Structures are given as structure tokens and as C-alpha cells.
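Hi everyone, thanks for coming.

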Amino acid sequence: MNVIEMKQLTKMYKKGRGIENISFSIKEGEIFGFIGPNGAGKSTTIRTLLNYIHPTSGSATVFGKDIVKNSKEIRQRVGYLPSEVHYYDDMKALDLLLYSAKFHQYKQINRINELAEKLQLDLTKKIEDLSFGNRKKVGIVQTLLHEPKLLILDEPTGGLDPLMQNIFFDLLNEEREKGATIFFSSHILSEVQKMCDRVAIIKDGQLVKVERIETLTKNNLKKVNVKLEDGKLFHSTLEGIINLEHNGDNSSFLYSGRMKDLLQHIHTMDISDISIEEPSLEEVFMHFYE
Ligand SMILES: Nc1ncnc2c1ncn2[C@@H]1O[C@H](COP(=O)(O)OP(=O)(O)OP(=O)(O)O)[C@@H](O)[C@H]1O
């Protein structure tokens, strides 16, 4: 079953484009990444799905329900973490979270303490006295506390130190094991690579690609490192070679053509060392954005 389904979803702001004709679906139980640089349209897509802003055209469903007609029900069933969390500053973290639990008609109040303990969050403090990262933790507890079947997370790791990011990802894995579907946006590709089953890439408001993570990293593109004898530098005009860089007497590049062509091309060169490896998602991503 598709938990999220978008069909030609479009949002035009008065000042210009937000997103155009975005169509993709997310299946139940998937961890799905949404990747793109600043201003690409990730937040616009997410906010449209939750009906905080209205689509200009196209449609979408969450849990099979129309995002405009059934937005109240959808918001109640989803755990949504916005990229920037804004709260009533003079409330204590615990009071805010109790209020939130009530909104979701959630009764397991112990869970607030359990989550706060894992995230090392002091619930007795007022929101205004918390650092940016600790406010983010309040947002994370708020998002996870009612054990939603769908988590929609907009740049969830911003403000968390690397140790805390790992704790957060452990929490997400726990939710996934319980059967939750997770949709999260990021511009940090390594975390998407670590967590997600599939990824959608968005650029200038348009969908570039939806792909399984393995396919994306194995999709023909290779990272090649070469060292020539006598400290000579590698140069080539072979089609498919991009991003050639020299570091000392090492050369590296990305190659997107047939491997046979590359091997035929270099076999007469005085190569002293070579490695051909899978590129990182960052490198794959750069390739799409050339
Ligand atoms: N409220 C708004 N009014 C007008 N234009 C907006 C508004 N919000 C976003 N935009 C524009 O829509 C486009 C997409 O922005 P959006 O915030 O969705 O991108 P994003 O991928 O989430 O980026 P970021 O990572 O910076 O949050 C941008 O060109 C942005 O300037």
C-alpha cells in the first residue's frame, strides 16, 4: 500500500515557483529520503502534503486520504517535524509535550520520559532557556511520542551533534521496526545513504529522479583513482570522464561510460596504481546536478 502518493503536485507562490508536477509514492514501511539543495522545494512539498499551504494544481493522498479534504485527520495521524520548530517560549518542555500528547489522544505518558532520557533532554526547563539543538530534541519527542504510523521529518538532524544524530537514527530504526513509514528531507547525503531504502532527488522545484539507494550508487557511475609512473598526471578526453582532479601525483575522476571503453583507453598508459570503486552518494548527486 502507498502511504503517500503525489500526482503532479504543484505549488506556485505569488513570487514564483515552489514545486512543479511532483509525482511519486512512498510504500508502507519504507524509509524514504528527499534530497535537494536549499530552495529546491523540499519544505514546500512537505508543507503542501500537510495542507499548511494549498496546492495550486495536482493532488496527493496520505493514508489514501486527500491532503486538502482530510488534512485534520492526516495531521492527527502523522508525526511531523518541521525544519524550524517554534513554540510558546515560556512553557516548560514537559507541559508542551503533555499538551501535544493530548492533541493526539495519546495516553502513554511514560513515553515522553523515555524519549527525553534517550535524547538527554531536560524536560523541566522552559523552552526559552533551551539551546537550538535542545529545542530540536523537544520537536523530536513531540514527533515520536504518539507512535505515529507515518513520520514526516524536514531536515531532522539540523542542530544535533553527531552523537545525538546517531541516537536519533536509532530511534527512527526502532519506529521502523514497529512498522512506521518514514519520509525525511535532507541535504546531507551521507545520512540519507545510511538510513533510506529509496530517495527522491529534487532540483529547482522539479523531480530529478526517484531511485533505490543501491541502484543510485551502482548506476554505472564509478569513481576511478589512478596513479601514473614517474609522477606524470593523468589526462584524458574520453567521453564519460568527469570531475577529473589531481592531488599530488594521484588523479581521480568519475566515469559514466562503458567499463570496456575505459579499460581499452587506459591500457597503454603507464599506470602504477588504480582503483575503481562505487562513488559516494555525494558524488552521484553532483553528477545529476552538473
Ligand atoms: N512562503 C513563501 N513565499 C514565497 N516563496 C517561497 C515561500 N516558501 C518557499 N518559497 C520558495 O519556494 C522555493 C522552494 O523553497 P523550499 O523552502 O520549499 O525549499 P527547500 O528545498 O525546503 O530548501 P531549504 O533546504 O532551504 O529549506 C524557493 O525558491 C523558495 O524561495
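**Starting from one serine**

Leaving aside residues up to four places away in sequence, Ser43 touches Ser83 and Asp154. By touching, or being in contact, I mean that the C-beta atoms of the two residues, placed from the backbone, lie within 7 Å. Before going on, please keep in mind that this is a predicted model: local features need pLDDT of at least 70, side-chain atom pairs count only at pLDDT 80 or more, and totals for chains, interfaces and linings use all residues. Residues are numbered from 1 along each chain, as its sequence is written.

Back to Ser43, which sits in helix H1, residues 42-49. Helices (H or I, at least four residues) and strands (E, at least two) are DSSP runs, numbered from the N terminus. Is Ser43 buried or exposed? Ser43 is buried, because 21 other C-beta atoms lie within 10 Å. The cut-offs are these: a residue is buried with 20 or more other C-beta atoms within 10 Å of its own, exposed with 12 or fewer, and partly exposed in between, with C-beta atoms placed from the backbone. Ser43 and Met1 are 42 residues apart along the chain, and 24 Å separate their C-alpha atoms.

**The whole chain**

Let's zoom out. The protein chain has 10 helices and 14 strands. Along the principal axes, its C-alpha atoms fill a box of roughly 70 × 40 × 35 Å. There are 290 residues in the protein chain, and 32% of them count as buried. Among contacts with a separation of 6 or more, 70% are between residues 24 or more positions apart.

The chain is divided into domain 1, residues 2-215, and domain 2, residues 220-288; the bounds come from an automatic or database domain assignment. Taken over C-alpha atoms, the centres of the two domains are 39 Å apart. How many residues does each domain bring to the contact? Domain 1 gives eight residues and domain 2 gives four. On the side of domain 1 that touches domain 2, helix H7 (189-195) and strand S10 (206-212) each supply at least two residues. H7 has the largest share of that side, with four residues. By class, that side of domain 1 has five nonpolar residues, two polar and one charged. For those classes, Ala, Val, Leu, Ile, Met, Phe, Trp, Tyr, Cys and Pro count as nonpolar, Asp, Glu, Lys and Arg as charged, and the others, Gly among them, as polar.

**Two helices side by side**

Two packed helices are described by the angle between their axes and the distance between the axes. Here, helix H3 (residues 93-103) packs against helix H5 (residues 132-144) at an angle of about 25°, and their axes are 10 Å apart. The axes are lines fitted to C-alpha atoms, for helices over the stretch in contact, and angles run from 0 to 180 degrees between N-to-C directions.

Which residues meet? From H3 we have Ala93, Leu96, Leu97 and Ser100, and from H5 we have Val138, Val141 and Gln142. This contact has five nonpolar residues, two polar and no charged ones.

**A few residues to look up**

Most residues other than glycine have a negative phi. Gln8, in strand S1 (residues 2-13), is not a glycine, yet it has a positive phi of about 55°. Asp204 also has a positive phi, near 45°, and lies in the loop between strand S9 (198-203) and S10. Gln8 is partly exposed, with 13 other C-beta atoms within 10 Å; Asp204 is partly exposed with 13 as well.

Next is Phe63, in the loop between strand S4 (57-62) and strand S5 (65-66). Phe63 counts as partly exposed, having 18 C-beta neighbours inside 10 Å. Not counting residues up to four places away in sequence, Phe63 touches Val3, Ile74 and Arg77.

Finally, find Asp273 in strand S14, residues 271-277. Asp273 is exposed, because 11 other C-beta atoms lie within 10 Å. Asp273 and Lys227 are 46 residues apart along the chain, but their C-alpha atoms are separated by 5.0 Å.
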